[in-house]
Amino acid sequence: EDLRIGNDIIKQQVDIYRRLRNTLRYILGNLGKFKPSERVPFESMPELEQLILHRVWEMDKALRTACDNFEFHTYFFELHNFCTVDLSAFYFDIRKDSLYCDTTDSACRRAARTVLDTLFNCLTSWFAPFICFTAEEAWLARYPTLKSTDSIHLQTFPIISSEWQNDSLASNWETVRQLRKIVTSAIEEKRTSKLIGSSLQAKITIFTKKEYKNILSKLDLAEIFITSRVAMSEEEAPESAYRSPDLSDFAVIVEKAPGLKCERCWKVLEEVGKDTEYSDICCRCLESPPAPA
């Protein structure tokens with residue numbers, strides 16, 4: 001077929017390129033002074049990091065299938081979707097709090113940076129056939145002392161451990177992500193009515209059945225839903241609770257979180273203001289000096 005081109009097509013490609021570039025930019029911005037000694041073993045990682053590495057395993061499998069079958073367009077679509085949906089709108093959004101506010105020796109922050117290091121090495125090599133110059137620029141930005149012969153285009157695709165495959169974990173987190181969308185919709189409804197300004201000003205109460213409680217009880221829900229507090233209740237949900245037409249047995253109440261806003265992490269907590277010397281930050285931020293640039 002003839003190659004189609006026009007202003008709308010160019011704009012669409014610009015938007016796609018910007019998303020891929022911003023993914024690399026976020027990763028590079030959070031890997032400053034990363035050392036191999038900081039790495040966390042896979043089995044010691046939180047579930048969220050294990051989930052992302054499972055997705056890396058899936059993406060690697062899809063890449064090798066695409067190469068074998070010469071179906072590069074399909075794979076590029078999956079790669080763009082991975083960066084936009086799995087990383088930018090989900091993983092990066094959740095983990096930015098830990099990356100920016102936790103202590104440098106925090107187990108969660110170290111695990112996140114371990115995954116970001118893996119993502120960088122994978123994405124630059126996966127991007128290389130599609131956005132050649134950007135992949136090379138990102139590679140040299142991370143490794144500026146490399147010789148000119150150490151181009152990203154002379155690297156092979158990383159070997160991905162089969163240990164990262166975990167279909168049952170992925171299935172559980174598919175449920176978590178579905179519930180997260182419902183909570184996000186409930187929060188957005190309250191933002192529209194001006195009850196709260198941002199999700200971090202919210203206190204969430206979840207009413208759900210045992211099946212979901214077993215999945216959610218092991219997780220830091222305030223972190224995943226990006227709120228200041230989350231409670232779970234076994235009582236019958238009130239009529240005013242937010243419900244999704246797709247999931248009638250899951251209901252959410254959104255209230256304004258009690259307390260004051262921490263000027264560092266922006267969470268609204270009752271502990272803010274109790275320290276006489278640093279009255280504008282929470283206990284975690286009081287103990288967490290800024291990470292080295």
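Visitor: Is Leu63 buried or exposed?
Guide: Leu63 is buried, with a relative accessible area of 5%. Buried means under 20% relative accessible area, exposed over 50% and partly exposed in between, with a 1.4 Å probe and protein chains only.

Visitor: What kind of model is this?
Guide: This is a predicted model, where local features need pLDDT of at least 70, side-chain atom pairs count only at pLDDT 80 or more, and totals for chains, interfaces and linings use all residues. Residues are numbered from 1 along each chain as its sequence is written, and side-chain values use heavy atoms, with hydrogens and water left out.

Visitor: Back to Leu63. Which residues is Leu63 in contact with?
Guide: Leaving aside neighbours within four places in sequence, Leu63 is in contact with Tyr75, Trp126 and Phe157. Contact means heavy atoms within 4.5 Å.

Visitor: And which helix does Leu63 lie in?
Guide: Leu63 lies in helix H2, residues 47-69. Helices (H or I, at least four residues) and strands (E, at least two) are DSSP runs, numbered from the N terminus.

Visitor: New topic. How do the axes of H1 and H5 cross?
Guide: The axes of H1 and helix H5 (residues 132-142) cross at roughly 10° and come within 11 Å. That makes H1 roughly parallel to H5, a term for angles under 35 degrees, with over 145 roughly antiparallel, 65 to 115 roughly perpendicular and the rest oblique. Axes are lines fitted to C-alpha atoms, for helices over the stretch in contact, and angles run from 0 to 180 degrees between N-to-C directions.

Visitor: Which residues meet there, between H1 and H5?
Guide: From H1, Tyr17, Leu24 and Leu28 meet Thr134, Ala138, Ala141 and Arg142 in H5.
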